[in-house]
Amino acid sequence: MAVRKSQRAKLEATLWQKTRDLLSDALFTQRFYIAIAVLLIALEAALTYMVIRQVSYTEIDWQAYMQEVAGVVAGERNYAKLRGDTGPLVYPAGFVWLFSLLWRMTGGGRDIRLAQYVFMGVYLATLALILALYRRARVPPALVGLLVISRRMHSIYVLRLFNDCATMVFAYTAVFAMCDRRWIKWSGLLLSAGVAIKMNVVLMLPGAAFVWWRAGGWRLVVAQALVIAASQVIVAAPFLWAYPGEYVGRAFDFGRQFDFTWTVNWRFIGAEVFGSSQWALALLVAHAMILAILGLVVWPRLSGSTSWKILKDGCLARRRQTLATVSTDEV
């Protein structure tokens, strides 16, 4: 009897240890990462579908988007004459072509449910891209659930249909391309596609330029800059040919004043401070200082080098020379 109890206790201990090891592998190693990622995407697909079916759509910008591109569909090429209920069209030409397609797909923007399903697909594609990036960075599976617990994220994608959603697909694809030397040459074009929809992707360009400099020196940086410039011209060609001043002035208006009504992060400072030129200048200076610190101190340390060595290597880069293997952590 005592022997049997001992054997049973050993068996239970072994099973418990194997269960703990399996759970540890699932949560903190890459062993089951792909299976967990696929399961997470499937669960999110079901949840997002339920959100679309059960939660009321919130109209903010969708109808304005449709009104803005309706003029282009009708043949208008003067950006100064394109506007919606929320004001004039202020997004680059990529936005126009993308949302013109959605205008046609949804019957002039009237089939909002279909638009929600399209944005659901965009959301799931973005989630898949981020999960792929997390895998390259060897992020523990225990943390990936944090990607989907945001109520605001679901609202932005399928209840409000903001153009930021399409922009970020291209931005994250560009980041993924930077993680692989075979695809880094396409990252500039992908970032440009994001910029062509909404200019917030411009904020990613300093970091991208650092990665390009590390990977291929000044030659790669110049090549990517030319790709970005050329692609912007090609996408906007019909507007640039007809009314170049109006297009550039509206689509790339860096002096535009933002409306305090729509801010989330800076609401605590009040409308008066938010709208002041002093606050705008302070933000610009702070942004420039942070970029300087990142470029001269933080990013070089992450690269295991110094800013001077990175600068020198990039300046002396020869054609087709590989300067460094840029890790996913650096990107």
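Q: Start with tryptophan 218. What does it touch, not counting residues up to four places away in sequence?
A: Tryptophan 218 touches Trp213, Gly314, Cys315 and Ala317. Contact means heavy atoms within 4.5 Å.

Q: What are the ground rules here?
A: This is a predicted model, where local features need pLDDT of at least 70 and side-chain atom pairs count only at pLDDT 80 or more, while totals for chains, interfaces and linings use all residues. Residues are numbered from 1 along each chain as its sequence is written, and side-chain values use heavy atoms, with hydrogens and water left out.

Q: Back to tryptophan 218. Which helix is it in?
A: Tryptophan 218 lies in α9. Helices here are DSSP runs (H or I, at least four residues), numbered from the N terminus.

Q: How far is its C-alpha from that of alanine 317?
A: The two C-alpha atoms are separated by 7.0 Å. Along the chain, tryptophan 218 and alanine 317 are 99 residues apart.

Q: Is tryptophan 218 exposed or partly exposed?
A: Partly exposed, with a relative accessible area of 34%. The cut-offs: buried is under 20% relative accessible area, exposed is over 50%, partly exposed is in between (1.4 Å probe, protein chains only).

Q: Switching to charges. How many salt bridges are there in the whole structure?
A: The search finds four. A salt bridge is a side-chain nitrogen of Lys or Arg within 4 Å of a carboxyl oxygen of Asp or Glu.

Q: What does aspartate 164 pair with?
A: Lysine 198, with the closest N and O atoms 2.9 Å apart. Aspartate 164 is in α7 (residues 164-178) and lysine 198 is in the loop between α8 (187-197) and α9 (205-235), so the pair ties together parts 34 residues apart in sequence. Aspartate 164 is partly exposed, at 22% relative accessibility.

Q: And arginine 182, what's its partner?
A: Aspartate 180, at 2.7 Å between the closest N and O atoms. Arginine 182 is exposed at 60% relative accessibility, whereas aspartate 180 is buried at 11%.

Q: Where do aspartate 313 and lysine 309 lie?
A: Both are in α14 (residues 307-315), four residues apart, about one turn of the helix.

Q: New topic. How many residues has the largest nonpolar core?
A: It has 46 residues. Those with the most contacts inside it are Trp62, Tyr65, Tyr79, Phe95, Phe99 and Leu131. A nonpolar core is a set of buried Ala, Val, Leu, Ile, Met, Phe, Trp, Tyr and Cys residues joined through side-chain atoms within 4.5 Å.

Q: Which helix gives the most to this core?
A: α5 does, with nine residues.

Q: What is phenylalanine 99 in contact with, leaving aside neighbours within four places?
A: Trp62, Tyr65, Met66, Val69, Phe119 and Asn163.

Q: Which residues of α4 are buried?
A: Ala93, Gly94, Phe95, Val96, Phe99, Ser100 and Leu102. What covers the buried residues of α4 includes α3, α5 and α8.

Q: Last one, α13. Where is its kink centred?
A: On leucine 294, at about 45°. The bend is the angle between axes fitted to the seven residues ending at a residue and the seven starting there.

Q: What follows α13?
A: Glycine 304, whose phi is positive, near 70°.

Conventions:
Helices (H or I, at least four residues) and strands (E, at least two) are DSSP runs, numbered from the N terminus.
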